[in-house]
Amino acid sequence: MTRKQRLRRVALLCCHCLRNLAYYRAGWRNRKPVFSDEFWKTANGNFLDTCVLEWCKLFGDARGLHCWEKVITDSKTFFTGLLKELSVTESEMDTYGKEMRTYRDKFVAHLDSDLVMNIPKLDLATMSVLYLYKYILANEDDDNFFHGLPSKGAGYFRASFREAKRQY
């Protein structure tokens, strides 16, 4: 896979993650699901699961093909900026990654024997993906790799959220 292809796929994963996160969040009002029938509960849960899966591809597996570490040219600058943007330490980011991977591994990819499902808070996921998307568009686009993709991740998230609100 070429660098251009890998960067484009990372950008696409950012968009998939943000869209599914927006769809998931739009399905809640006052900490309760908008609809309680099985179809909407399943759809909303699938949006959450997809968001976590996509986030883990980007941040949760350093050996994965689409991990930010495989595509960012200046990984030290990126990571320092990420921690600053998220207002977290490296240790806190590691802990968050473990929470996301635990949810993915124990309840999405497998159904282990854990009896309690801890759904990760998604604020750091949102901010980290928005930062990655903004960073790669600003710093890694050597040859118009991202044509046809949203110019701003936050705008794409808001548009996806509004779209989902209309459906819910």
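**Notes on the predicted model**

1. Cysteines first: there are 0 disulfides in the structure, where a disulfide means a pair of cysteine sulfur atoms within 2.5 Å. Cys 14 is in no disulfide, and its nearest cysteine sulfur, on Cys 15, sits 6.8 Å away. Cys 17 has its closest cysteine sulfur in Cys 51, at 3.9 Å, which is too far for a bond.

2. Before going on, keep in mind what you're looking at. This is a predicted model, with local features needing pLDDT of at least 70 and side-chain atom pairs counting only at pLDDT 80 or more, while totals for chains, interfaces and linings use all residues. Residues are numbered from 1 along each chain as its sequence is written, and side-chain values use heavy atoms, with hydrogens and water left out.

3. Back to those cysteines: are they buried or exposed? Cys 14 counts as buried because its relative accessibility is 0%, and Cys 17 counts as buried at 2%. The cut-offs here are under 20% relative accessible area for buried, over 50% for exposed, and partly exposed in between (1.4 Å probe, protein chains only).

4. Now the overall layout. The protein has 7 helices and 2 strands, and along the sequence they follow the pattern α-β-β-α-α-α-α-α-α. Helices (H or I, at least four residues) and strands (E, at least two) are DSSP runs, numbered from the N terminus.

5. On overall dimensions, the C-alpha trace spans about 50 × 35 × 30 Å along its principal axes. The radius of gyration is 16 Å, which agrees with the value near 15 Å that a compact globule of 168 residues would have. That radius is taken over C-alpha atoms, and the globule rule is 2.2 Å times the number of residues to the power 0.38.

6. How much of the protein is buried? Of its 168 residues, 41% count as buried. The protein exposes about 9,800 Å², with carbon and sulfur atoms supplying 51% of that; the areas come from the Shrake-Rupley method with a 1.4 Å probe, and for residues only the protein chains shown count as cover. As for contacts (heavy atoms within 4.5 Å), take those between residues at least 6 apart in sequence: 71% of them join residues at least 24 apart.

7. Charged pairs next. A search of the whole structure turns up 6 salt bridges, each being a side-chain nitrogen of Lys or Arg within 4 Å of a carboxyl oxygen of Asp or Glu. One to look at is Arg 3 with Glu 140, at 2.3 Å from N to O. Arg 3 lies in helix α1 (residues 3–26) and Glu 140 in the loop between α6 (123–139) and α7 (153–167), so this pair ties together parts that are 137 residues apart in sequence. Arg 3 is partly exposed at 35% relative accessibility, whereas Glu 140 is buried at 2%.

8. Another salt bridge joins Glu 38 and Lys 41, with 3.0 Å from N to O. Both residues belong to helix α2 (residues 38–60) and are 3 residues apart, about one turn of the helix. Glu 38 is exposed, its relative accessible area being 54%, and Lys 41 comes out as partly exposed at 41%.

9. Arg 104 and Asp 105 also form a salt bridge, the closest N and O atoms being 2.7 Å apart. Here Arg 104 is buried, with 18% relative accessible area, while Asp 105 is partly exposed at 29%.

10. Then the aromatics. The whole structure has 15 aromatic pairs. Rings of Phe, Tyr and Trp (its six-membered ring) pair if their centres lie within 6.5 Å; planes under 30 degrees apart are stacked, over 60 edge-to-face, and the rest tilted. Phe 78 and Tyr 135 make an edge-to-face pair, 5.0 Å centre to centre with 75° between the planes. Phe 78 is in helix α4 (residues 75–86) and Tyr 135 in helix α6, so the pair ties together parts that are 57 residues apart in sequence. Both of these residues are buried.

11. Phe 145 and Phe 146 are also paired edge-to-face, at 6.0 Å centre to centre and 75° between the planes. Phe 145 is buried at 6% relative accessibility, and Phe 146 is buried at 6% too.

12. Which residues form one aromatic cluster? They are Trp 68, Phe 78, Phe 79, Tyr 131 and Tyr 135. Phe 78 and Tyr 135 are the edge-to-face partners from point 10.
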